[in-house]
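Subject: Structure handover

Hi,

Here is the structure for you to look over. My notes come after it.

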Protein chains: 2
Amino acid sequence: MTEQFSPSPLFERVERARRRKRKFKDTQITLAHGSGGRAMHELIEGLFLEYLRNPLLEALEDQAVFEIGNGHGPFRLAFTTDSYVVTPIIFPGGDIGKLAVNGTVNDLAMSGARPLYLSAGFILEEGFPIDNLKRILASMRAAAEEAGVAVITGDTKVVQRGSADKVFINTAGIGVIELPVKLSASNAQVGDKVILSGLIGDHGTTIMIARGELELETEIESDAAPLHSLVQEMLEEAAFVASIEAIHCLRDPTRGGVATTLNEIALSSEVCIEIQEDRIPVREEVKGACEILGLDPLYVANEGKLIAIVSAEVAEPLVHRMKKNPYGRDACMIGEVTAEPQGIVAMRTGFGGTRIVDMLVGEQLPRIC
Amino acid sequence: MTEQFSPSPLFERVERARRRKRKFKDTQITLAHGSGGRAMHELIEGLFLEYLRNPLLEALEDQAVFEIGNGHGPFRLAFTTDSYVVTPIIFPGGDIGKLAVNGTVNDLAMSGARPLYLSAGFILEEGFPIDNLKRILASMRAAAEEAGVAVITGDTKVVQRGSADKVFINTAGIGVIELPVKLSASNAQVGDKVILSGLIGDHGTTIMIARGELELETEIESDAAPLHSLVQEMLEEAAFVASIEAIHCLRDPTRGGVATTLNEIALSSEVCIEIQEDRIPVREEVKGACEILGLDPLYVANEGKLIAIVSAEVAEPLVHRMKKNPYGRDACMIGEVTAEPQGIVAMRTGFGGTRIVDMLVGEQLPRIC
């Protein structure tokens with residue numbers, strides 16, 4: 001007599017999610033396709049990747065890493081791009097220019113790269129005030145100086161009034177990976193610890209409040225910040241305590257928030273990520289605003305935070321070291337990597353229960369970055 | 001007795017143009033700021049450069065060239081970006097996807113680089129039909145395959161209906177410069193010859209007709225094409241005949257057309273460029289359409305043509321070699337570089353006269369690429 005295999009409901013969910021990845025049947029673009037969540041992943045994996053497939057794109061990291069050179073001087077370079085369409089373009093704690101520099105600097109930093117050069121492509125709406133453009137350029141200059149990068153090539157397009165909303169900025173970035181890092185969303189290993197670099201939800205909440213649809217007055221500001229120096233210090237610390245390879249994965253939880261980023265890692269590494277709700281630092285004001293706005297801070301975008309998946313033996317010293325960096329002051333361990341169920345993020349709630357934290361579905365926060 | 005210096009009217013014009021470069025007093029963005037012409041140069045030099053200034057950006061070439069590495073393996077890389085906002089997005093001879101790949105490939109090629117990798121950032125309008133997106137992606141794939149490049153990193157943003165016009169695409173590109181080229185818009189030298197790789201005005205005229213404002217039916221198609229193989233053959237030929245450094249400057253005359261590109265070179269190299277009207281190849285159909293549209297083909301955008309400024313001794317062999325490449329079939333010499341008046345492009349007309357060919361002023365052709 002053979003025992004019949006009956007898959008658990010969780011197993012079936014993961015399988016369904018996998019199969020879904022390979023199909024793309026929508027007929028129109030919706031706001032959900034830009035959300036950072038499930039619909040966007042389906043668009044990217046089901047369409048963009050189908051048409052433009054190559055081994056580097058296929059990795060689906062936030063940046064591509066390639067080598068250039070020969071036996072004498074091979075260099076590992078990171079290359080990334082992001083368009084910024086945030087509205088409003090100016091908000092507490094920053095503006096679209098600050099985002100455009102830091103966002104791309106951070107995507108480079110998450111590969112362990114030292115950011116070097118940026119490009120900047122502006123799409124401007126006819127009638128856009130030059131004073132606003134000056135403010136944005138001043139922010140970009142300040143952010144570039146802080147991050148130690150230079151904008152070395154650019155482009156300007158103007159479209160008729162009504163054909164774009166004020167200003168969109170694309171930045172692409174090049175960085176050099178000088179250390180023997182092995183960082184990937186597919187590199188999380190059972191037993192690893194999950195580190196978060198600080199308070200979550202500040203950026204997305206700030207933007208939603210700045211839209212003024214609700215008359216909320218708060219002191220919350222966008223957390224937009226460059227994270228490459230924090231990453232360099234983490235790599236240094238890991239190398240000192242154990243090995244640079246003890247850091248397995250780095251990601252900045254922007255669109256879709258911490259929940260979506262952890263889901264990407266869990267799926268990509270085929271592991272389960274267990275986090276503890278009471279360990280996730282959220283400002284009281286953000287919690288309150290999110291309640292009023294009907295948002296879950298776990299899904300709200302951050303622009304100056306990172307998640308690190310690291311070997312257990314380096315986790316404590318890393319958090320200790322991160323706390324000394326202004327952008328890692330509130331770093332903490334929020335969970336760990338387990339074997340089963342694969343591809344799932346599970347959260348132990350304050351009440352002692354466990355709930356599945358799914359990828360963002362739908363269009364919670366359009367034009368957040 | 002000293003003779004009083006009385007500057008010529010031309011001298012005064014050049015000086016006025018120079019002074020103008022340093023001031024930017026507009027208060028709003030207008031379509032002219034995206035035209036490729038004078039207003040755009042004032043915006044870039046008077047504002048973007050003022051805020052983001054660094055030696056690489058300052059060169060104001062169509063791509064930045066930087067070195068990476070040490071004594072053992074220094075590599076020269078080219079980096080460029082362009083956003084594409086063309087309307088209509090699909091037109092005879094191509095679509096926005098084909099443009100987005102070839103435009104960036106060509107900006108790399110003009111530095112003598114072998115294009116390697118592209119990034120692609122999409123800004124999509126809510127409601128955009130997936131079938132159109134599939135067509136664009138298929139074009140990008142085909143163009144990337146033809147040019148031997150891969151799109152290795154990307155980004156997708158979606159904005160609400162009415163906040164963008166269908167789709168905007170940004171591509172940034174990285175190429176490697178393997179040959180000891182010295183190419184710059186500031187490198188044109190007195191005695192040099194001016195080579196044009198083929199018929200002008202096809203792309204811009206196609207787009208204007210495709211907008212359907214005039215009921216014109218023609219067979220004209222966009223000339224969008226990758227030019228890196230043509231450039232590599234030109235460099236090879238120059239090295240064979242004299243030296244690779246005999247090619248002084250390469251530019252693709254896109255927005256603003258041949259007239260604007262030659263003006264940029266004349267100003268940057270502080271020389272005069274004299275061209276002959278009857279040598280500039282223009283399709284009869286393009287001439288006719290431009291007359292009806294009120295356009296001058298010299299100012300109309302090309303997306304598969306280049307201008308080369310080269311030492312006289314290599315000019316003939318270069319044209320001969322270019323004619324063997326499908327993208328240089330109609331290559332010809334159209335003029336030469338002289339000393340005075342500096343910063344001016346002069347054209348000998350069919351009637352034996354000479355007229356000044358100024359930079360594009362105003363907003364002749366919005367959203368042409």
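Below are the findings, starting with the interface.

This is a predicted model: local features need pLDDT of at least 70, side-chain atom pairs count only at pLDDT 80 or more, and totals for chains, interfaces and linings use all residues. Residues are numbered from 1 along each chain as its sequence is written, chains are lettered from A and ligands numbered from 1 in the order in which they are written, and side-chain values use heavy atoms, with hydrogens and water left out.

Interface

On chain A, 84 residues are in contact with 84 residues of chain B (contact: heavy atoms within 4.5 Å). The two chains bury about 7000 Å² between them, 71% of it on carbon and sulfur atoms. Buried area here is the accessible area (1.4 Å probe) that two parts lose on being put together, summed over both. In chain A, the most area is lost to chain B by A:Ile29, A:Tyr51 and A:Phe79, together 10% of what that side buries.

Between chain A and chain B there are 24 residue pairs in polar contact, both residues at pLDDT 80 or more. A polar contact is a pair of N or O atoms within 3.5 Å; within protein, one must be able to donate a hydrogen and the other to accept it, and residues adjacent in sequence count only if both atoms are side-chain atoms. By class, the side of chain A that touches chain B has 45 nonpolar, 25 polar and 14 charged residues. Nonpolar covers Ala, Val, Leu, Ile, Met, Phe, Trp, Tyr, Cys and Pro; charged covers Asp, Glu, Lys and Arg; the others, Gly among them, are polar.

Four salt bridges run between chain A and chain B (a side-chain nitrogen of Lys or Arg within 4 Å of a carboxyl oxygen of Asp or Glu). B:Asp82 forms a salt bridge with A:Lys157, with the closest N and O atoms 3.5 Å apart.

Aromatic pairs

Over all chains, the count is seven aromatic pairs. Rings of Phe, Tyr and Trp (its six-membered ring) pair if their centres lie within 6.5 Å; planes under 30 degrees apart are stacked, over 60 edge-to-face, the rest tilted. The ring centres of A:Phe48 and B:Phe122 are 4.7 Å apart and the planes are at 70 degrees, so this pair is edge-to-face. A:Phe48 lies in helix 2 of chain A and B:Phe122 in strand 5 of chain B, so the pair joins two chains. Helices (H or I, at least four residues) and strands (E, at least two) are DSSP runs, numbered from the N terminus. Both A:Phe48 and B:Phe122 are buried (under 20% relative accessible area; exposed is over 50%, partly exposed in between; 1.4 Å probe, protein chains only). The rings of A:Phe122 and B:Phe48 also have centres 4.7 Å apart and planes at 70 degrees, so that pair is edge-to-face.

Salt bridges

The structure holds 42 salt bridges over all chains. A:Lys193 and A:Glu336 meet in one of them (3.1 Å, N to O). That pair links distant parts of the chain, strand 8 and strand 12 of chain A, 143 residues apart. A:Lys193 is partly exposed at 23%, and A:Glu336 is partly exposed at 32%.

One buried site

A:Val357 sits in the segment after strand 14 of chain A. Its relative accessibility is 1%, so A:Val357 counts as buried. Setting aside neighbours within four places in sequence, its contacts include A:Ala259, A:Leu298 and A:Met347.

Best wishes
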